[in-house]
Amino acid sequence: MDPNQPLIEISDLAFSYNGDPVLQGVNLSVRQGDFVAVIGPNGGGKSTLLKLILGLLKPDRGRIRVAGESPQKASPSIGYVPQDVHINSQFPITAIDVVLMGYIDPKKPWARPSASDRRDAMAALERLEMAAHAGKKIGNLSAGQRQRVFIARALVTRPRLLLMDEPTASIDTKGQADFYTLLKELNRDITILVVSHDLLVISRYVKSVACVNRDLHYHDQAEITGEMLEAMYPRTGEEVCPVELVAHGLPHRVLMDHEKKRHDGSPSV
Amino acid sequence: MTEALQFEFMQHALLAGILASVICGIMGTLVVVNRIVFLSGGIAHAAYGGIGLSCYFGWPYLPGTIGFSLVAATLMAAVSLKAKHRADTIIGVIWALGMAFGIILIDLTPGYNVDLMSYLFGSILTVPGSDLLIMIVMGGVMTGLVAYYYKELLALSYDEEFAQIRGVPVRKLYFGLIGMLAVTVVLVIQVVGLILVIALLTIPPYIVEKHAKSMAQMMVGSSFLGAVFTVAGLWFSYRYNLTSGASIIMVSGVAFLISLLMEKTASQSRKGERSS
C-alpha cells in the first residue's frame, strides 16, 4: 500500500438507528501512522463510528474505505478493543485463551494454536504486564486487567489499525498514563483510533483529534480548543476549561482558538 | 442397583440416560454460555406441534417433528437476532402456539392418541434398542461438528463482534447452532422426555461453568455430572418405585441447590477474609 494513501477514508457518511440520525455528513481521512483521539459527548456517535469502520454496521449513505478496501474485507487487519466484552463473568475461558482467540482463521477450522502462537500470545500478555495472570479465568480479573487482555488479543492479530472504545474507562489515573505511554509506543507501527472521555489526559499523547457529535470535525493537531470542550461537556468551554487547565498545569497551547477553516475535515497544510 | 442391571430395560435406561447426559452436556454448555435457555425451552415445546402434524397427516414421526422444530427454531433464532429486546416475548408466543397446535391436531386425528405425559417425561424405562442406536449416531455426529467448529463456536459465544471482525460467518454459525439444538432436542425428547432434556441442558452446565476454565472442560464436566445425576436418579426410582425422569430431575435439582449454597458460603468467606 502506498504510504501516502490514507488508511481510513470516509466520505459523506450517514447512519441512523431506528430512524434517529446518529451520524450525518461525516468526512474523515486518517493517514497511516496517525494517533487519533475520538472525543465527543455520550450518544454522539463515537462507538457507532468505530463499528461502521469495522464493518459491524452498514452505513445508510456514504463510503468507507480502510486501506482502500471495504470494511468487511479489511476488518481482519483491524484490531478492535471493545468497551466491555462480557456481562457473563462466569464464562469458562482463561486470559491466555482470550488472546489465542486472535489467531482464529475461519479458513482453517481444524487448526489449533501452534506452539509459536502460544509463545506470541504469552509475549503479548507480557508486554501488557499480564503474563502472571495468563491462566486465570477472565471473570476473576479486574476490569482494567481484562482491558489489557483484550488489547493483547488485538495485538496478536498484527493489526495495521487499532480501534479502541474507551479503553481507560476502568483504569486509574496512574494506570492511564502507563497505558497511553504503551499506546504511543505501539503507534510506531500501528495507526490508532481511540475513543475517550479523558480529553485532558489523552491530549498529551495523541497526534490528532476527531470531535464526533453527530457530525465530525477533524483537527490535525493535538490541541484542545474551547469548542472541543464544549462538544464534550454540555456547557460552554469558558465555564469548564480555565479551572481544569490551571489545576492540571497543562501547556498553554491547549487553549488555542479553534480555526474554522479546518471544519471541513481536510487537514490543513 | 446391581440386581436391577440384570434387566435389559434397566440396561437400556442407563445407557439412554448416559447418552442423553453426554449430548445435553455438550449442547447445554453452548446453550448456557450463549444464554439461549429460554429459546431451547421454546424449541422443545414447539416441537409438539410437529408431533401433532405428523399424526394428523400420517407422516413418519421423526422427519415430521424435526422438520417442524427446525422451522420453529429458525424463526425464533431470526427473531432473537433481529429484535433482541423483544425476543423473549416472541419465543414465548411460538412456544405456546406450537404446543397448542400439536394438541389440537392430535384431537382432530381420528382414533389416534399420543400420551402427553410421555412427551413431557419420556419413558426412559421402555427405550428400544433402535432409539439407543439413533442417539449413539447423533451423539457422534454432534460431537464431531462441535469439535470441528469449536474455535468458531467459542469466539461466537464469547465475543460475537470480535468473531465477525475476524471473518467468522457468525450468522450462519448461529443458525447452525440453533438448528443442531433443534435436532438434538427432538431426538433426545422422544427418549427421555421434554422436562428431563431441559433439566439436563441447564443444570449440569450451570454447576460446572463456575469451575471450568474452558468450554471443552465445561462440556466434559457437564456430561459427567449429568451421567452421575441420571444414574443416581435411576437408582432412587428403582429403589423407591418412583417415576424415573422425575427422580433424575430431583437429584439434579438438589445438586443445583447445594452448589448455589456452596457458592454463597464461599463468596461470604471470601468477603470475610477481605474485611479482616
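Predicted model: local features only at pLDDT ≥ 70, side-chain atom pairs only at ≥ 80, totals over all residues.
Begin with chain A as a whole. Its secondary structure comes to nine helices and nine strands. The chain has 269 residues, and 41% of them count as buried.

Take the open sheet of chain A next. Three strands form this sheet, in the order 2-1-4, with antiparallel pairing. Strand 2 (20-30) and strand 4 (61-66) of chain A stand at the edges. Each has a single partner strand, so one side of each is left without a neighbour in the sheet. Neighbouring strands of the sheet are turned by 25 degrees against each other on average, direction ignored. Strand 1 of chain A, residues 8-17, pairs with strand 2 of chain A in the antiparallel sense, over seven bridges. Within that pairing, Phe15(A) has Leu23(A) in strand 2 of chain A as its bridge partner.

A helix packs on this sheet: helix 1 of chain A, residues 46-54. Helix 1 touches strand 1, strand 2 and strand 4 of chain A. Its direction makes about 120 degrees with that of strand 1 of chain A. Helix 1 of chain A is mostly covered, with seven of its nine residues buried. Leucines among them are Leu49(A), Leu50(A), Leu52(A) and Leu54(A). Ile53(A) is buried too. The buried residues also include two lysines, Lys46(A) and Lys51(A). After helix 1 of chain A comes Gly55(A), with a positive phi near 80 degrees.

Now turn to strand 3 of chain A, residues 35-39. Five of its five residues are buried, so strand 3 is largely enclosed by the rest of the structure. Strand 3 of chain A pairs with strand 7 of chain A, residues 191-195, in the parallel sense over four bridges. There, Phe35(A) stands opposite Ile192(A). Strand 3 of chain A also pairs with strand 8 of chain A, again in the parallel sense and over four bridges. In this pairing Val38(A) stands opposite Ala210(A).

Tyr205(A) is found in it, between helix 7 (199-202) and strand 8 (208-213) of chain A. Is Tyr205(A) buried or exposed? Tyr205(A) counts as buried, because it has 20 C-beta neighbours inside 10 Å. Leaving aside neighbours within four places in sequence, Tyr205(A) is in contact with Tyr180(A), Leu183(A) and Lys184(A). Pro82(A) lies 123 residues from Tyr205(A) in sequence and 20 Å from it in space, C-alpha to C-alpha.

Chain A also meets chain B. In this interface, 22 residues of chain A are in contact with 24 residues of chain B. On the chain A side, 15 of the residues are nonpolar, five are polar and two are charged.

Start with helix 9 (residues 170-192) and helix 10 (residues 194-209) of chain B. They pack at an angle of about 120 degrees, with their axes 7 Å apart. That angle makes helix 9 of chain B oblique to helix 10 of chain B. The crossing is right-handed. Helix 9 of chain B supplies Val185(B), Val188(B), Ile189(B) and Val192(B). These meet Leu194(B), Leu196(B) and Val197(B) of helix 10 of chain B. By class, the contact has seven nonpolar residues, no polar and no charged ones.

The other partner is helix 2 of chain B, residues 37-57. Its axis and that of helix 9 of chain B come within 10 Å and cross at roughly 55 degrees. Helix 2 of chain B is therefore oblique to helix 9 of chain B. Here too the crossing is right-handed. Helix 2 of chain B contributes Ser40(B), Ile43(B), Ala44(B) and Ala47(B). Leu181(B), Ala182(B), Val185(B), Val186(B) and Ile189(B) come from helix 9 of chain B. This contact has eight nonpolar residues, one polar and no charged. Val185(B) and Ile189(B) of helix 9 take part in the contact with helix 10 and in the contact with helix 2.

Definitions and conventions: Residues numbered from 1 in each chain as written. Chains lettered and ligands numbered in written order. Contact = placed C-beta atoms within 7 Å. Nonpolar A, V, L, I, M, F, W, Y, C, P; charged D, E, K, R; others polar. Buried ≥ 20, exposed ≤ 12 C-beta atoms within 10 Å, placed from the backbone. Axes fitted to C-alpha atoms, helices over the stretch in contact; angles between N-to-C directions. Parallel < 35°, antiparallel > 145°, perpendicular 65-115°, else oblique. Left-handed = near helix turned anticlockwise from the far one by under 90°. Pairing = 2+ DSSP bridges.
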